[in-house]
Amino acid sequence: MDELELIERLKNGDEEAMREIMRIYKNRIFNFILRIVKDRDKALDLTQEVFIRAYFRIKSFRKNAKFSTWLFTIASNLSRSELRKRKIVDFLHAFYPKLLVNDHPGNFNGIEYFLNQIKPDYRIPLVLKEVEGFSIEEIANILKIPEGTVKSRIFRAKENLKNLMERG
Amino acid sequence: MEKDLKNITYFELPESFENDVMDRIKRIKKRRKRAKMIFIPSILIAVLSFTALFLMNSPLKKERTEGKPIAFMEPLSQEYHADIYLEVIPVKSFEKENLYLIEFVNEKEERINAF
């Protein structure tokens with residue numbers, strides 16, 4: 001079924017259309033969030049949140065934008081706000097070590113291990129470009145930053161990744 | 001490196017994911033509906049209670065219960081007839097008892113209620 005038709009049906013509150021959209025995007029969104037937050041439970045929770053927000057805010061989606069870009073914008077915003085929250089928790093952890101119950105498990109292997117060492121500001125555009133296959137223009141739309149910034153962040157991310165891999 | 005990134009581990013979510021999300025959506029819808037149902041009557045009650053409070057403390061209500069206030073800025077007049085004054089005392093509310101005839105008998109003041 002055509003994606004635009006699915007969106008139109010979703011705007012009319014069709015639950016089956018919502019299920020179909022989830023079937024198409026759930027794995028991409030989950031993997032994208034997982035690479036940012038590095039915590040499977042949190043990533044699963046945030047993926048659910050992405051689709052819930054999409055369901056209730058579908059009327060704000062404009063047809064001239066790509067649906068996947070819109071969905072990834074929600075995912076990116078939620079992930080970044082999760083990272084911000086975590087920063088506060090980490091800050092508190094420095095003063096009150098007992099507060100932090102669950103540290104972020106990073107059971108990743110190979111390139112993912114190194115990818116997770118890169119700063120989120122660089123990691124997110126790199127994942128969107130190389131893993132999710134978005135164009136520079138689309139990434140700029142998702143992250144609401146200029147295309148030049150996207151390019152430079154991807155370049156720096158690759159440089160960092162290369163250095164980390166060389167160091168082993 | 002780009003090739004490695006393309007072949008990165010791709011996790012798949014279970015089939016139950018859609019059901020979980022739809023359940024959460026239904027719960028949120030139900031909660032919002034309930035909140036809306038409570039919100040409208042509570043707004044109405046608040047408006048009515050504010051109106052009642054305003055009416056109870058309004059000057060209109062005061063006038064009805066205490067009578068219309070009459071305030072004279074200064075004693076209006078003192079009429080002199082021989083040794084008898086008619087004094088009008090400035091009062092907030094008019095009472096019969098506030099009107100006196102004042103008679104002077106040998107420079108001694110004597111108040112006589114006018115009514």
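This is a predicted model: local features need pLDDT of at least 70, side-chain atom pairs count only at pLDDT 80 or more; totals for chains, interfaces and linings use all residues.
Most residues other than glycine have a negative phi. Is Lys144(A) buried or exposed? Lys144(A) has 9 other C-beta atoms within 10 Å, so it counts as exposed.

Lys38(A) counts as buried because it has 21 C-beta neighbours inside 10 Å, and the cut-off for buried is 20 or more.

Let us now turn to helix H2 of chain A, residues 15-37, and to two of its helix partners. Two packed helices are described by the angle between their axes and the distance between the axes. Here are both pairs:

| Helix pair | Axes come within | Crossing angle |
|---|---|---|
| H2(A) and H6(A) | 10 Å | roughly 160 degrees |
| H2(A) and H2(B) | 10 Å | roughly 130 degrees |

Take the pair inside chain A to begin with. Helix H6(A) covers residues 120-131, and its axis crosses that of H2(A) at roughly 160 degrees. That angle makes H2(A) roughly antiparallel to H6(A), and the crossing is right-handed. On the H2(A) side, Phe32(A), Arg35(A) and Ile36(A) take part, meeting Pro120(A), Arg123(A), Ile124(A) and Val127(A) of H6(A). By class, this contact has 5 nonpolar residues, 2 charged ones and no polar ones.

The other pair joins the two chains. The axes of H2(A) and H2(B) cross at roughly 130 degrees, which makes H2(A) oblique to H2(B). Here too H2(A) passes its partner in a right-handed crossing. Glu15(A), Arg19(A), Met22(A), Arg23(A) and Lys26(A) in H2(A) meet Phe17(B), Glu18(B), Val21(B) and Met22(B) in H2(B). The residues of this contact divide into 5 charged, 4 nonpolar and no polar.

What about the nonpolar core? The largest one has 41 residues, and those touching the most other members are Ile29(A), Ile33(A), Val50(A) and Ala75(A). Elements giving two or more residues to this core include H2, H3 (40-56), H4 (67-95) and H8 (147-167) of chain A, along with helix H2 (16-56) of chain B. Which helix gives the most to this core? H2(A) does, with 12 residues.

Note on methods
Residues are numbered from 1 along each chain as its sequence is written. Chains are lettered from A and ligands numbered from 1 in the order in which they are written. Axes are lines fitted to C-alpha atoms, for helices over the stretch in contact, and angles run from 0 to 180 degrees between N-to-C directions. Helices (H or I, at least four residues) and strands (E, at least two) are DSSP runs, numbered from the N terminus. Angles under 35 degrees count as roughly parallel, over 145 as roughly antiparallel, 65 to 115 as roughly perpendicular and the rest as oblique. A crossing is left-handed if the near helix is turned anticlockwise from the far one by less than a right angle, and right-handed if clockwise. Two residues are in contact if their C-beta atoms, placed from the backbone, lie within 7 Å. Ala, Val, Leu, Ile, Met, Phe, Trp, Tyr, Cys and Pro count as nonpolar, Asp, Glu, Lys and Arg as charged, and the others, Gly among them, as polar. A nonpolar core is a set of buried Ala, Val, Leu, Ile, Met, Phe, Trp, Tyr and Cys residues joined through C-beta atoms within 7 Å. A residue is buried if 20 or more other C-beta atoms lie within 10 Å of its own, exposed if 12 or fewer, and partly exposed in between; C-beta atoms are placed from the backbone.
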